Amino acid sequence: MTSIDTAHIDELRGIHTEVRARARARLKEFRAVPRERYFYELCFCLMTPQSSAVQCFAVAEELERRGFLEAAFDAAPLLRSHAGGYVRFHNTKARHLAEARENFAAVLHLLDTIPQAKDVRDALVADISGLGMKEASHFLRNIGRPGCTIVDRHILRNLVRVGALDEWPRSISRTRYLQIEEIFEDLAAQCGIPPDELDLVLWSRETGAILK
């Protein structure tokens, strides 16, 4: 465990005090997501790599409105141009969405039979094309299954800022992801803040919002 300067700890605790109620309310909303929406949360997370989360959310909502789970269609045109936006790598991601639709019963089985979130994450990464460690962690958080760190840019930036991480990693293998996750969990322990709440604290620190 890297000892973090008390000034950084105090800053994060102060932000947590300010946003704690909103963060906990947001986490409660994730836990209340109905099972019938799980598929579209998975769609959202499959689309997010190198794309706007706002645009991906809008497309996921449109997929749901059109009943993509019940009746398949080519999603590529929707990803390419919806409400003036663009989801990068739309052809590849549309293929991943179609494959996820075909395999979604298996996803539900994993969620129902594996109790530990990190074990579920490993199984999802192995079984779902286009779903990496970060996206699988994001999906589980968004359906109320805490326990996995979403190693995103805001996490990396803040770990470097407080001195918990020496430098921004050039690439993140599975082993490196797990190391960074442990570093983040150590930071949360030093702050006395649950990791899922600290994640939202760092989002709030950068954006002023408690995001999806």
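Arginine 35 is partly exposed, with a relative accessible area of 39%, where partly exposed lies between buried (under 20% relative accessible area) and exposed (over 50%), computed with a 1.4 Å probe on protein chains only. The model is predicted, so that local features need pLDDT of at least 70 and side-chain atom pairs count only at pLDDT 80 or more, whereas totals for chains, interfaces and linings use all residues. Residues are numbered from 1 along each chain as its sequence is written, and side-chain values use heavy atoms, with hydrogens and water left out.

The side chain of arginine 35 meets that of aspartate 112 in a salt bridge of 2.7 Å, N to O, a salt bridge being a side-chain nitrogen of Lys or Arg within 4 Å of a carboxyl oxygen of Asp or Glu. This pair links distant parts of the chain, 77 residues apart, with arginine 35 in the loop between α1 (6-31) and α2 and aspartate 112 in helix α6 (residues 104-113); helices are DSSP runs of H or I with at least four residues, strands are runs of E with at least two, and both are numbered from the N terminus. In total, the structure holds 15 salt bridges, including the three tabulated here.

| Salt bridge | Closest N and O atoms |
|---|---|
| arginine 121 – glutamate 181 | 2.8 Å |
| aspartate 152 – lysine 134 | 3.8 Å |

The salt bridge between arginine 121 and glutamate 181 joins helix α7 (residues 117-127) to helix α10 (residues 174-191), and so ties together parts that are 60 residues apart in sequence. Arginine 121 counts as buried at 1% relative accessibility, and glutamate 181 is likewise buried, at 2%.

In the salt bridge between aspartate 152 and lysine 134, aspartate 152 lies in the loop between α8 (133-142) and α9 (153-161) and lysine 134 in helix α8, 18 residues apart. Lysine 134 is partly exposed, its relative accessible area being 28%. Salt bridges that share partners also join Lys118, Arg121, Glu181 and Glu185 into one network.

Glutamate 41, in helix α2 (residues 38-47), counts as buried at 3% relative accessibility. Its side chain makes a polar contact of 2.9 Å with the side chain of arginine 37, a polar contact being a pair of N or O atoms within 3.5 Å, of which, within protein, one must be able to donate a hydrogen and the other to accept it, while residues adjacent in sequence count only if both atoms are side-chain atoms.

Glycine 132, in the loop between α7 and α8, is partly exposed at 22% relative accessibility.
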